[in-house]
Each structure stands twice: as structure tokens, then as C-alpha cells.
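The following note was prepared for a colleague who will work from the coordinates.

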Amino acid sequence: MRLKHALIGTVLLLLAACATTPGSPIGTGEGQATGTIPSDVPTDTPEGYPPPEPVVLEEQAYPLPTIPTLDNYPAPIPDEPYPAPESGLSDACEIRPPDPVRLEFTAEDGTALVGTYYPPGDCGAPLALLFHQNGRSKEIWVDLALWMQNRNGTASLNLGRALASPNRQYGWFPPLPASLSVAVLAIDFRNHGESGGSGGFDPGGFLMDARAALALGRNLPEVDSERILTLGSSIGADAAVDVCISLEGSAVAETQEDQGCRGALSLSPGNFLAVDYARAVRALGEAPHQAQVRCLAAQGDGSAPDLCQTDFGDYFQATIYPGSDHGIDLIEPGRDPDIGMVILEFLQAGLGLR
């Protein structure tokens, strides 16, 4: 019996000892629940295993590309005839209805292109060429084209035609002089819209497309080939200047030939077409061109504001807006200065109406 009591005592002592070993229940206070910390779970961060850094998202500015180098870039072909547009246009000028006309034409390398022509209300009208940005199409200019066409005043903006955006209507633009009706040609660059819309980026090809549009537009029967204005956004902003000057490959030619351009307006330029925008603008402001150049950009849009704020002379004006909108997205009401007034001033300066 004594041995039995001794064994029981020994067992009780062992159980009491276990209550103080690691991995045992830890009391949280009198009358509170208890929990268990497993002895095999580390309580410290292992050496050489730092906790992950928090992810910080930063707004990325629109990419500022360096000017690319194009090998074997085709120079303009002197006196090379362009195919006549398949639109039934006659050689003699006649006032046609204001409805847009679809034109088919080709670039000097044979690429088929499509444009939309907005006929003016008079013969001998100035021409505006419109060049869209990468990934978009000529339709971004529909409302602006109708405004410049000025065939029915602002009423022409509400004829039920397809608009570039349901939220973008240019009825808020300032009225044009009643006597001013501009012939407008908006084109689709290759790989965009109706000109084979695969979306490929082809700087040299885009320049050829712009040259083809200029050759087509200045030979339209209603157009005064000595009063041409160009407007563009992003890649089109570069094209608007580049198409007006003489190039040798992608370099600005030393000897310039007047091609009838009296003004170029750039929305968010960026050296996208392998031609140095600053050199092109300087050439366009000098003889024989002496054209008016306007450059518009948002402050947070990559290199565009820096390009716009270069000192080019009295023929050049820059307008920088807050924000980071790019290209066509700059054209909206409520900006200061009013962007409609900026474009109107450009038209007046380029056409000598002020």
C-alpha cells in the first residue's frame, strides 16, 4: 500500500512539473481564458528575411522618347504624281453640299489611305489638314472640322452626324467670321482607321502619309494652295510641322521650299516621327515659309511642355495647361485660356485675318 501511495505521489509531482515547461497553457489573468503558444513557432523575424516593402504607386508621365534613328528613310520624290482621289471630284470649282466626302488616295510607297473631306462654302478657300494621334482615327476631328467648315454656323454641329465623342461637342467654340469657310481634310494614318487599322507604329510611313495628304489637299478644286494650315495631336502634332518643311530623310533640309503652309498647330508634340521638332519649328518660322506655329500641352505631359516652351521667336506661341491631358483630350471647355479662342487666334494669324 505504501508503494502504491509513493507511485501516485511521483506521478503527481511529474504532472506539476510539466505545467511549467514551454508549450504549456499560459494564463491571461484570474478568471480569464487561457491560450497556448506552440513551442515550434518563431516569435522573431528570421535573420535575412525582411518584411516586404509597401508598394508605392507613382503617376508615370507620358513617355518622352528620344528621337529615333530611321535607316533608309525615304526622302520625298520630286514631282512624283499622286493618284487622283476616287471621289468624282471635278477639275472645275463648284460649291458643293457641306456633307463630308470620303477620299481614297495613296502614299508614295503605294500604301492605300482614306480621308474625310469637308467642302468649303467658297472657291479659293484655305485648307486645314488634320492629323490624329497614335491609336486613334480621323473621327476625333469631326466636330472641329464642322466648326472650321462653317457652312451652317453652329447649327451644323447638331445635324445628327456621328460625333467623335458623345461628351465632346464644339458648340461652345467661339463663332467664326461669317465670311470664313475652311476646306478641311482629315486623314487616317496607315495602320489606323480606314487606312488598314492594325495599329502598327511606323514613323517614316506616317510622314509619307502626311505628305500624300498635303499633295492631295492642295490640289482640290476649291482650295487655295497658298493658304494651308495644319493641325495635329501627338504623332499628328509632329506631322503638322514636319509636313510643311523640306526634309532629307528624317533631317531638316538645308534648302527649304515653300509648300503653301501658313500655320501649324501642335497638341502635345514629342519628336515621335524621328524629326527633331525644335529644328522643324525653326525652319517653318524662317523664309521662305514664315508660318505661324502654335504649341499646346499639359504641364504633366512628359516632354511636350518643354518642347512647347522653347524660345522660337515672334511667330511662335505656346500655351501650357495644368494637368496631364494628352493630344485631343486638351480640347474641352473651361480651360484658361479658352482653347477655342486659342485655335481661333491661330486661324486668324495664319490666314492674316487680324
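1. Phe131 and Phe189 are both buried. The structure under review is a predicted model, and the points below should be read with that in mind.

2. Aromatic pairs. Across the whole structure, the search returns 6 aromatic pairs. One of them joins Phe131 and Phe189: the ring centres are 5.9 Å apart and the planes meet at 20°, so this pair is stacked. Phe131 belongs to strand 3 (residues 125–131), while Phe189 sits in the loop between strand 4 (183–188) and helix 3 (203–217); the pair therefore ties together parts that are 58 residues apart in sequence.

3. A second geometry. The pair of Trp147 and Phe173 has ring centres 4.5 Å apart and planes at 80°, so it is edge-to-face. This pair likewise links distant parts of the chain: Trp147 is in helix 2 (residues 142–149) and Phe173 in the loop between helix 2 and strand 4, 26 residues apart. Both Trp147 and Phe173 are buried.

4. A charge over a ring. Arg335 is placed over the face of Tyr321, at a distance of 5.5 Å from the ring centre.

5. Helix 7, geometry and ends. Helix 7 covers residues 339–350, which makes 12 residues. From first C-alpha to last it reaches 16 Å, close to the 16 Å expected at 1.5 Å a residue. At the start of helix 7, a side-chain oxygen of Asp338 comes to within 2.9 Å of the backbone nitrogen of Gly340. Just after the helix, Gly352 adopts a positive phi of about 65°.

6. How much of helix 7 is buried? The helix is mostly covered, with 10 of its 12 residues buried.

7. Helix 5. Helix 5 (residues 277–285) is also mostly covered: 7 of its 9 residues are buried. The buried positions are Tyr277, Ala278, Ala280, Val281, Ala283, Leu284 and Gly285. Their cover includes helix 4 (235–242), strand 7 (251–252), strand 8, strand 9, helix 6 (304–308) and strand 10. At the start of helix 5, a side-chain oxygen of Asp276 reaches to within 2.9 Å of the backbone nitrogen of Ala278.

8. Salt bridges. The count of salt bridges comes to 17. Among the bridges here, Glu104 and Arg102 meet at 2.4 Å, N to O. Glu104 counts as partly exposed because its relative accessibility is 28%, and Arg102 counts as partly exposed at 41%. Asp224 and Arg227 form another bridge, at 3.1 Å, N to O. Asp224 is partly exposed, with a relative accessible area of 25%, and Arg227 is partly exposed with a relative accessible area of 25% as well.

9. A further bridge and a network. Asp258 and Arg262 meet in a salt bridge at 3.2 Å, N to O. Asp258 is partly exposed, its relative accessible area being 29%. Bridges that share partners join Arg102, Glu104, Lys138, Glu139, Asp188 and Glu194 into one network.

10. Glu222. Is Glu222 buried or exposed? Glu222 counts as buried because its relative accessibility is 2%, below the cut-off of 20%. Glu222 is found in the loop between helix 3 and strand 5. Leaving aside neighbours within four places in sequence, the contacts of Glu222 are Cys93, Glu94, Arg96, Tyr117, Pro120, Asp122, Cys123, Gly124 and Ala125.

Conventions. Residues numbered from 1 in each chain as written. Predicted model: local features only at pLDDT ≥ 70, side-chain atom pairs only at ≥ 80, totals over all residues. Heavy atoms only, no water. Phe/Tyr/Trp six-rings, centres within 6.5 Å; stacked < 30°, edge-to-face > 60°. Helix = DSSP H or I, 4+ residues; strand = E, 2+ residues; numbered from the N terminus. Buried < 20%, exposed > 50% of the residue type's maximum accessible area, 1.4 Å probe, protein only. Lys NZ or Arg CZ within 6 Å of the ring centre and 35° of its normal. Expected span 1.5 Å × (residues − 1). Polar contact = N/O pair within 3.5 Å; in protein donor to acceptor, adjacent residues only side chain to side chain. Contact = heavy atoms within 4.5 Å. Salt bridge = Lys/Arg side-chain N within 4 Å of Asp/Glu carboxyl O.
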